[in-house]
Structures are given as C-alpha cells and as structure tokens.
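Hi,

Here's the structure I promised to send over. Have a look at it first, and then read on for my notes.

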Amino acid sequence: MALEQSGSTVTIGRRKPYTAIGIRRMKCSVAGCENRAEHQWNCCANDNLWMPLCLDHDIELNAKTLEWMGHPNATELSRDYAAALRQKRDTGI
Ligand SMILES: [Zn+2]
C-alpha cells in the first residue's frame, strides 16, 4: 500500500500522478490487497492524492461509481470496461 506517515496522520497516495512505469512499482492502495498497481485514482476527499489501484479494484471502483451515479448504462459500461482491461492485460493489445 502507498502509505506515508507524518505524526499521527496516515496518507495514502502522493501529490504527483505516477508515471506509467512508476505505477507498476506500487502495490494497490486498497486495504488487504497485495496486487501490483496498474491504475491510479485522484480522490478529492483524500487531499487530492493519487492512489495506486490494481486492475481488479480499478474495475470495481469504476463499476461502483457508475452504479452510485445511477448511470443508465452502468452495467454495460462496467462490463465493457472490465473486458477491455482484462484483454489488454492478457494479450498486451
Ligand atoms: Zn487491489
């Protein structure tokens, strides 16, 4: 997890976005997940820090966000996004 500690404050993420190479050196920020990060999210409530995410948690976060928004095509968009990312991971295309 991309943790930094300053006094009693624990920070997850960093101010500058990770580079394409740099993100792959990080572990996912989700508690308990030991997967290598492939994506990153900038969360306003987390002091606008960029947080590394593994592929599966990026897919899950996108799906939950679309569902929360009540997007009329949440299911289809989430399915297509997950399929595209997994194909890219498995084939490199
Ligand atoms: Zn993860």
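Below is what I found, going from the overall fold down to single residues.

Two bits of housekeeping. Residue numbers start from 1 along each chain, following the sequence as written. The model is a predicted one, so I kept local features to pLDDT of at least 70 and side-chain atom pairs to pLDDT 80 or more, while totals for chains, interfaces and linings use all residues.

First, the overall picture. The protein chain has three helices and four strands, and they run β-β-α-β-β-α-α along the sequence. Helices here are DSSP runs of H or I with at least four residues, strands are E runs of at least two, and both are numbered from the N terminus. The C-alpha trace spans about 45 × 30 × 25 Å along its principal axes. Of the 93 residues, 19% count as buried; that label needs 20 or more other C-beta atoms within 10 Å of a residue's own, exposed is 12 or fewer, partly exposed is in between, and the C-beta atoms are placed from the backbone. As for contacts with a separation of 6 or more, 34% of them come from residues 24 or more positions apart. A contact means that two C-beta atoms, placed from the backbone, lie within 7 Å.

Now the helix pair. How do α2 and α3 cross? The axes of α2 (residues 55–69) and α3 (residues 74–91) come within 9 Å and cross at roughly 165 degrees. Axes are lines fitted to C-alpha atoms, for helices over the stretch in contact, with angles from 0 to 180 degrees between N-to-C directions. The two helices are therefore roughly antiparallel to each other (over 145 degrees; under 35 is roughly parallel, 65 to 115 roughly perpendicular, the rest oblique). The crossing of α2 and α3 is right-handed, i.e. the near helix is turned clockwise from the far one by less than a right angle. On the α2 side the contact uses Leu55, Ile59, Asn62, Ala63, Leu66 and Glu67, and on the α3 side Ala74, Leu77, Ser78, Tyr81, Ala82, Leu85 and Arg89. Those contact residues split into nine nonpolar, two polar and two charged (nonpolar is Ala, Val, Leu, Ile, Met, Phe, Trp, Tyr, Cys and Pro; charged is Asp, Glu, Lys and Arg; the others, Gly among them, are polar).

Ala63 of α2 is partly exposed, with 17 other C-beta atoms within 10 Å. Its C-alpha is 20 Å from that of Asn46, 17 residues apart in sequence.

Next, the core. The largest nonpolar core has nine residues: Met26, Cys28, Val30, Ala37, Leu49, Trp50, Met51, Leu53 and Cys54. By core I mean buried Ala, Val, Leu, Ile, Met, Phe, Trp, Tyr and Cys residues joined through C-beta atoms within 7 Å. Leaving out residues up to four places away in sequence, Val30 touches Leu53 and His57. The C-alpha of Leu49 is 8.5 Å from that of Thr11, 38 residues apart along the chain. Thr11 itself sits in β2 (residues 9–12) and counts as partly exposed, with 15 C-beta neighbours inside 10 Å.

Finally, a backbone point. Most residues other than glycine have a negative phi. Asp47, though not a glycine, has a positive phi of about 60 degrees, and Asn48 has a positive one near 55 degrees. Asp47 is in the loop between β3 (39–43) and β4 (49–53), and Asn48 lies in the loop between β3 and β4. Asp47 is exposed, with 11 other C-beta atoms within 10 Å, and Asn48 is exposed with 10.

Cheers
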